[in-house]
Amino acid sequence: MAEREHKRVAVIGSGFGGLGSGVRLRREGVTDFVILERADAVGGTWRDNDYPGCACDVPSHLYSFSFAPNAGWPRTFSGQPHIRDYLERVTDAFGLRPHLRFDSEVQQARWNPEAAHWELRTASGELTADVLISAAGPLSDPKIPDIPGLADFPGRVFHSSRWDHDFDLDGKRVAMVGTGASAIQIVPSIQPRAGRLTVVQRTPPWVMPRMDRGVNAVEKWLHGTIPATHQARRGLLWLIREFQVGAFVKRPQLMKATEQIAKSHLRRAIKDPALRAELTPDYTIGCKRILLSNDYYPALAQPNTEVVTSALTEVRGSTIVTADGTEREVDAIVFGTGFHVQDMPIGDRVVGADGRTLAEHWKDGMAALRGITVDGFPNLLLVIGPNTGLGNSSMILMIESTLNYIADYLRTLDRTGAAALDARPQAVRSWNEALQRRMGRTVWNSGGCTSWYLDAAGRNTTAWPGTTAEFRRATRQVRLAEYDVLRTSVPEEAGV
Ligand SMILES: Cc1cc2nc3c(=O)[nH]c(=O)nc-3n(C[C@H](O)[C@H](O)[C@H](O)COP(=O)(O)OP(=O)(O)OC[C@H]3O[C@@H](n4cnc5c(N)ncnc54)[C@H](O)[C@@H]3O)c2cc1C
C-alpha cells in the first residue's frame with residue numbers, strides 16, 4: 001500500500017477559526033500543515049450564510065482579526081459579502097492558499113495510540129497528522145426540525161444558511177419558521193417582495209436598536225493612515241462589551257434597564273397592542289441572544305406579514321399546520337431554526353484513544369479543558385470548543401485566545417519532546433465544575449428561557465461565563481500539570 005501523506009498539523013475548516021489557525025501556525029514557523037475544507041471556498045459561516053440581509057451583529061471593527069485590521073469596513077455592522085471578502089483577502093495576505101484543500105470533508109479522524117498520530121479519512125484521500133485542530137464551526141451544520149409531512153411539501157424548503165437563490169420570492173406566500181438571529185435579518189429583507197409572509201414564532205426574541213451606519217471616508221482615511229485610531233476604536237468597542245459581562249453573568253437584574261430600552265423599541269414600531277403582546281418576551285433579556293434590528297418590527301407591522309405564535313407541527317400538502325390548529329397555504333418554507341450545536345456532526349467523526357467518538361465521550365454533556373482539549377483525545381485542539389461562546393462580544397476574541405493556547409501547545413510538544421499531550425480527566429473535571437458553579441447565576445441559566453446554550457439536561461455547555469480578558473488569561477499558556485505527557489502510546493506517569 002502506498003505510504004500515506006503525513007503532516008505536522010491538520011486543520012478542519014476554513015472559517016475564521018481555521019484560517020486564524022493557519023496564520024498562527026505560519027507565524028510560529030510551522031509550515032507543514034493542511035487546512036481541510038468540505039466546501040470549495042474559504043469563509044465558513046460567511047460563505048454559507050448568504051441569505052438576504054445577512055450581516056454581523058458585533059461591530060465589524062471588533063468582529064475581525066486583531067492581526068488583520070480592515071480600515072475599509074463599509075458599515076459599522078458590515079454585511080456578509082464584505083466579511084466573506086475580508087476572509088478571502090486574509091487567505092491571500094497570509095499565504096494560506098498552498099495549505100488549503102477544498103472538497104475534503106473529514107469523514108473520520110481516528111487517534112492511533114501506537115503511532116501517536118491522527119489518521120484522517122477525507123473526501124479527497126487519507127492522511128496522518130501529529131496534531132489535529134478542529135475548527136469545524138459551532139454553527140455550521142443546519143438543523144431542520146423533523147416535521148411530519150415536510151418531505152411531501154410540493155413547494156420550496158430551505159434553511160437560512162443554505163439559501164435557495166433560484167427561488168423567486170416575488171409575490172409568493174412564504175413561511176419563515178423561527179425568530180432567531182438569522183430570521184430577524186431575513187424577515188425585513190424579504191417582506192417587501194413576498195406576497196404574504198407568515199412568521200412562525202415559538203418564543204419572541206428581545207430586540208434592541210441597531211446602531212448601524214456607513215463608515216465615512218474620514219474614518220476610513222484615519223484608520224488607514226493612523227493605525228492607532230483603528231486600535232483605539234477596537235479597544236473601545238471591546239471595553240464596552242467587557243463591562244456588560246457583569247450583568248450577564250453576575251447580576252441579571254441589571255438587565256432590567258436594557259429591557260426597558262427594548263420595550264420602548266417595540267412600542268415605537270408596533271402600535272397594535274395585541275401584536276405587541278405577542279412580541280413581548282416573558283424571560284429576562286440576555287437569556288437568549290439579544291438581537292439587534294431597526295427594521296424587524298416595522299416589517300412585522302406590514303399588512304402582508306402575519307405572526308403566528310404557535311409551533312409548526314405538521315405540513316399537509318402545501319399547507320402548514322401550527323399547534324393551535326390553524327392552517328395556511330404557502331409556496332415556500334424557510335427554516336431559521338439554528339444549527340446542530342450540542343450534537344455537532346464532527347463529534348461522531350472524531351475517534352479517541354479508547355475507540356469512542358467524541359459524541360460518545362460527551363454523551364452526558366460537552367466538556368473540555370479550557371474549552372480546547374479533551375481527555376482521551378490526545379493532540380486534539382478545539383477552536384470554539386465547549387463553553388467558549390459569547391452572548392455579547394466578538395467570537396474572534398475567543399478564537400485568537402485559543403490560537404495563543406495552540407501555539408504554546410505546539411511549543412510545549414517541541415520543548416518536552418513529547419509525542420502528544422492528553423488532558424487529565426481530573427483537570428477537565430475541575431475546570432468544568434468551576435465553570436458550572438459560576439454558570440448558576442448567569443442570565444442564560446436563571447433568565448427563565450430555554451435556548452441552544454443549554455443541553456438536554458439543562459446544563460450550559462456552550463457559553464463562557466466571564467470576560468474575554470479572563471479567557472485570554474486562562475489560555476495564555478499550557479499548564480503541563482494538567483496533562484499526561486505521551487511519548488509512545490503509554491502515559492509517562494505509568495513509567496515508560
Ligand atoms: C448567520 C450568523 C451570523 C453570525 N454573526 C456573528 C457575529 O456577528 N459575531 C460573532 O461573534 N459571531 C457571529 N456568528 C458566530 C460565527 O459562527 C463565529 O463568529 C465564527 O464565524 C465561527 O468561525 P469558525 O471558523 O469556528 O466556524 P465556521 O465559520 O462555521 O467554519 C467552519 C468550517 O468548517 C467546515 N467543516 C465543518 N465540518 C467539516 C468537516 N467534517 N470536514 C471539513 N470541513 C468541515 C465548514 O464547511 C466551515 O467552512 C454568526 C453565526 C452565524 C451563523
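Two residues are in contact if their C-beta atoms, placed from the backbone, lie within 7 Å.

A word on the model. It is predicted: local features need pLDDT of at least 70, side-chain atom pairs count only at pLDDT 80 or more, and totals for chains, interfaces and linings use all residues. Numbering starts from 1 along each chain as its sequence is written.

Now the overall shape. A compact globule with 496 residues would have a radius of gyration near 23 Å, and the protein agrees, at 23 Å. That radius is taken over C-alpha atoms, and the globule rule is 2.2 Å times the number of residues to the power 0.38. Along the principal axes, the C-alpha atoms fill a box of roughly 75 × 55 × 45 Å. Of the 496 residues, 46% are buried. Buried is 20 or more other C-beta atoms within 10 Å of a residue's own, exposed is 12 or fewer, and partly exposed lies in between, with C-beta atoms placed from the backbone.

Secondary structure: 15 helices and 20 strands. These are DSSP runs, numbered from the N terminus: helices are H or I, at least four residues, and strands are E, at least two.

Let me take strand β9, residues 196-200. Here 4 of the 5 residues are buried, so β9 is largely enclosed by the rest of the structure. What are its partners? On one side of the list, strand β8, residues 173-177, runs parallel to β9 and is joined to it by 5 bridges. Strands pair if DSSP finds at least two bridges between them. V174 has L197 of β9 as its bridge partner. From β8 the chain passes through helix α4, residues 183-190, and on to β9, a right-handed β-α-β crossover. Right-handed here means that, with the strands pointing away from the viewer, the path from the first strand over the helix to the second runs clockwise. The other partner is strand β12, residues 305-308, parallel to β9 over 4 bridges. There, L197 stands opposite T305.

Back to α4. Is it enclosed or open? 7 of its 8 residues are buried, so the helix is largely enclosed by the rest of the structure. Among the buried ones are A183, Q185, P188 and I190. Their cover includes β8, β9, β10 (207-208), β11 (291-292), α9 (296-300) and β16 (332-335).

Next, the ligand. 33 residues lie around the ligand, and G13, G15, G17, G44 and G137 come nearest. Near means a C-beta atom, placed from the backbone, within 6 Å. Helix α1, residues 16-27, gives the largest share of the shell, 3 residues. By class, the shell has 17 nonpolar, 12 polar and 4 charged residues. Ala, Val, Leu, Ile, Met, Phe, Trp, Tyr, Cys and Pro count as nonpolar, Asp, Glu, Lys and Arg as charged, and the others, Gly among them, as polar.

Last, backbone angles. A116 is not a glycine, yet its phi is positive, near 55°. A116 sits in the loop between β4 (106-112) and β5 (117-122). With 18 C-beta neighbours inside 10 Å, A116 is partly exposed. N379, also not a glycine, has a positive phi of about 55°. Its loop runs between α11 (358-361) and β18 (380-382). N379 is buried, with 24 other C-beta atoms within 10 Å.
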